Structure formats: C-alpha cells, structure tokens
Amino acid sequence: MNEQPARRLRVLIADDDEDMRDFLVQALQEEGYETLCAKDGAEALDLLKRQDFHLVLTDLKMPGASGLEVLQAAKSASLYQPVVLMTAFGSIDSAVEAMKYGAYSYITKPFDLDDFFHLLHEITEQLLPMLEVQETTLQQGDATDYPIMYRSQAFKEVITKVHWLSDSSANVLIMSETGTGKELIAREIHRTSTRGNGPFVAVSANVISDNLLESELFGHKKGAFTGAEKDKPGLVEKAHGGTLFLDEIGEMNSVVQAKLLRFLQDRSFRRVGDTDERRVDVRVIAATNRNLRDMVERNEFREDLFYRIAVVTLEVPPLRERRADIPVLAYHFLRKYNRKYQVTGFRPEVIDLLTDHAWPGNVRQLEGAVEHAVIFRKAGLIQKRDLPEWLLQECRQDAGDSRKLETIEKEHILSLLGTCHGNRSRTARILGITRKTLNRKLKSYGLDEDA
C-alpha cells in the first residue's frame with residue numbers, strides 16, 4: 001500500500017483507451033487522488049481551458065490532439081500542472097521531445113504500478129509546497145512570493161537542507177553567484193520554519209551607504225545625527241518574531257560588522273545615539289556572492305562574525321551546474337509574463353539553446369530572456385528569432401568556444417596517437433576513454449580503423 005497524499009490532488013487522465021482510463025481511475029482513487037477523464041486530446045484541451053489540475057496524465061498518441069499538444073496547453077495555462085506522458089510507442093526521440101516541451105516525465109506502457117506511484121509521489125513531494133505558497137500568495141496578495149522551481153538533483157539537495165532547518169532558529173549563510181535566487185531560498189527557509197507567520201524583513205548592504213546602514217539596521221534616537229528628527233526603530237526591531245535577511249553581507253564595513261557581531265551574540269542592541277539596551281527575537285539569514293572565507297584570509301571580513309553567521313552554510317549551485325532546471329524555469333517565466341499574450345510554449349530548438357547556454361547572470365538573466373521572447377512572440381511557440389540579440393550573440397560565442405575546444409582536443413589526440421606509434425588501445429588508456437570512443441573520434445577526423 002502506498003502512502004496517500006496529504007491532500008486530495010486533482011488529476012486529469014487523457015487516453016483514448018477506455019480500459020486504461022478505467023484502470024488509472026481505480027488505482028488513483030484508491031490512493032486518494034481525485035480524477036477526471038478525457039477520451040481524446042480534443043476533450044483534454046477543452047477541460048484544461050475550463051479548470052486547473054494538479055497533475056496531467058496524457059497518452060502521447062490520441063485522436064483530436066496529440067499528447068504533446070495537451071502538454072503544451074497544460075504548461076502554458078498553469079504553474080501547477082506537471083505533465084506525465086504515457087505511450088505504447090516508446091522511443092528515445094519522442095521521450096526527448098516530450099521533455100523539451102516541458103514534460104515532468106515519460107512512461108512507456110505497460111508500466112509497473114509501484115514505479116508509477118513512486119513517480120506520482122515524487123511529483124506530489126514537489127507540488128505540495130508550491131500549492132502552499134500559492135494559497136499564501138492569494139491570501140496576502142504578495143506577487144513576489146512564488147514557488148521554487150527545480151528538477152535537478154543539485155538543487156533538490158539544497159531544498160532538502162532548507163527543510164531540515166524548519167524546526168531550527170540557527171543563523172544561516174547563503175553563498176552563491178549573483179542571480180541564483182538567494183532571497184528566494186531565504187524566504188523558503190522563513191516560510192517553512194516555526195517563524196513562518198512572523199515578518200520577513202530584507203535589507204541589502206550594497207544599496208545603503210555605509211554611514212546610514214547602522215541606523216537602518218538598529219534604528220536611531222532623535223538628535224543622534226543631522227536629520228534625525230525623531231526616534232526611529234531599525235529593521236531588527238521590525239523583524240521581531242520573524243526573520244531578518246541580510247543580503248550582500250560581504251559589503252558591510254568594519255563598524256557595522258562589529259555591531260552585527262554583538263547583536264548576534266545575544267540579540268541585544270542599542271539604537272544609534274541611545275543608551276537603552278533593547279532585545280529582539282530574530283532569526284538572521286545572510287547571503288553573499290563573494291567568498292567570505294577568502295575575505296577572512298585577507299582581513300576584509302571579521303573571522304568571528306563569519307563563524308557566528310555561518311552556523312549553517314548553503315551553497316546554491318549556479319544555473320550552468322543544474323541545467324535540468326532550465327526548461328522548468330523557462331516555462332515558469334513564460335507563464336509569469338504570458339498574462340497579456342497567448343504564447344503556448346517553446347520550439348524544441350529554443351529549449352536546446354537555453355539549456356546549453358552558460359547563463360553567467362543565472363536565473364535572473366534567464367528570466368529576462370524569456371520575458372523578452374514572450375513580448376516579441378505574443379502568440380504561438382517561441383522561436384529563436386524571438387530571443388534577445390545579446391543572448392543569440394552569447395550563444396554564437398559559446399559555439400565558437402566549443403569549436404576551439406574541439407580543435408585543441410583533436411590536436412591532443414592525434415599528437416598522443418603519434419607518440420604511441422598508432423597504438424589505439426594504449427592511446428585510449430592514456431586518454432581515459434574506451435577504444436570505441438577513440439575510434440569514433442578518429443573517424444570524425446577522417447581516419448578509419450586501418451589508418
């Protein structure tokens with residue numbers, strides 16, 4: 001018996017095989033899912049126009065509309081509709097195409113029921129936190145609070161650590177490149193913690209001048225400095241009972257670092273110009289795109305503050321190290337910016353281009369590219385010509401760099417083959433590849449097996 005989902009999730013089943021529909025309805029309802037069926041692709045498209053589903057299970061080949069058309073409609077209609085394609089005509093090509101169009105997964109009939117439910121529970125594990133954020137967003141009207149979208153194992157490990165922190169008030173340091181979503185991670189830590197109903201107060205140290213940062217954090221007393229016309233509480237007081245997020249903490253000057261260290265020791269502080277000691281109950285999450293360990297070595301950041309703030313350290317991998325997340329994020333941003341338009345998805349070659357790109361600006365850069373493409377496409381599938389010119393130029397540069405690397409590799413292999421007097425087995429062992437792989441590379445250079 002599989003563990004039932006924590007809430008009733010609504011599943012659309014689209015299949016022209018009545019026996020398969022009946023089988024899935026019985027199996028899913030026994031597991032606590034709510035089901036609705038479509039006997040062909042056209043009926044599935046009609047149902048998707050009229051309501052949202054938590055999950056879509058669709059056959060690949062159906063009359064009326066194909067599973068890929070159902071997939072595109074589901075992905076462009078709602079953020080919370082992962083799609084699993086089913087087919088008795090399984091092939092690598094169709095599986096790859098389905099994933100390019102944004103399918104969560106792909107299963108071939110007949111499938112093992114235990115494996116099928118393992119997949120569904122994996123989807124549910126990711127879906128439920130998204131629904132919680134959606135409900136909170138609807139209640140509070142906070143459009144900036146949106147779910148964390150991912151598919152990669154690398155990012156899943158980060159989220160697992162985030163959830164481990166739910167019953168803790170330990171200080172957390174988030175380290176990653178610019179644009180990876182550090183504040184989003186911080187908000188998720190806050191949301192899933194026992195402080196989730198308290199305030200989340202964010203401040204970025206690199207947008208406030210050094211002489212004002214101390215006052216912004218800890219407040220000031222009337223007359224403390226020119227312009228201080230009345231008592232003002234600081235952000236640490238506003239965060240009482242919740243979370244204080246200090247972004248770009250590596251930009252803080254030594255004076256503020258010293259004040260922050262004292263505050264972290266016992267959560268007590270004084271407003272600027274005041275002698276009264278104040279205390280607050282605040283969890284502190286800090287973030288930086290700089291290497292604080294190196295800064296400590298160069299005496300640019302206090303070592304005692306580093307160890308105080310980094311009780312738990314989360315290192316968020318850049319987008320180029322979690323490429324499986326790129327299609328998911330691309331579709332998420334498509335939906336976000338598609339409210340005025342009728343864009344239905346991406347051409348497969350566009351998904352290929354997005355996935356292969358290095359994204360030096362990470363998720364923020366990807367979001368900008370998708371927003372541009374949606375604006376210029378307006379309807380239908382996004383094509384390469386809809387992407388911003390800077391991205392196409394960077395991709396051409398990536399291709400040029402790739403060709404340079406291929407040339408260097410070719411020269412190295414041929415040089416080593418000459419050193420080994422043409423012995424391919426020995427050359428392959430030195431290169432750390434199989435002889436078959438070496439033969440394939442040599443064939444691409446115009447050398448056959450007897451050369």
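Let me start with the aromatic pairs, where rings of Phe, Tyr and Trp, the last by its six-membered ring, pair if their centres lie within 6.5 Å, and planes under 30 degrees apart count as stacked, over 60 as edge-to-face and the rest as tilted; by this rule the count comes to nine. In one of these pairs, Tyr150 and Phe155, the ring centres are 5.8 Å apart and the planes stand at 45°, so the pair is tilted. Please keep in mind that this is a predicted model, in which local features need pLDDT of at least 70 and side-chain atom pairs count only at pLDDT 80 or more, while totals for chains, interfaces and linings use all residues. Residues are numbered from 1 along each chain as its sequence is written, and side-chain values use heavy atoms, with hydrogens and water left out.

Tyr150 and Phe155 are both buried, where buried means under 20% relative accessible area, exposed over 50% and partly exposed in between, with a 1.4 Å probe and protein chains only. For Phe263 and Phe269 the centres are 6.1 Å apart and the planes at 75°, so that pair is edge-to-face. Phe263 counts as buried at 0% relative accessibility, and Phe269 likewise at 2%. Phe111, Phe116 and Phe117, in turn, form one aromatic cluster.

Now to the cores, a nonpolar core being a set of buried Ala, Val, Leu, Ile, Met, Phe, Trp, Tyr and Cys residues joined through side-chain atoms within 4.5 Å. The largest has 48 residues, and Phe346, Leu354 and Leu366 are those with the most contacts inside it. The element that gives the most to this core is helix 13 (residues 325-337), with seven residues; helices (H or I, at least four residues) and strands (E, at least two) are DSSP runs, numbered from the N terminus. A second, separate core of 34 residues includes Val236, Ala286, Met295 and Ile309.

Leaving aside neighbours within four places in sequence, its contacts (heavy atoms within 4.5 Å) include Ile249, Ala286, Phe306 and Ile309. Leu173 also lies 8.7 Å from Val284, C-alpha to C-alpha, although the two are 111 residues apart in sequence.

Finally, in the packing of helix 2 with helix 3, Gly41, Ala44, Leu45 and Leu48 of helix 2 meet Glu69, Val70, Ala73 and Ala74 of helix 3.
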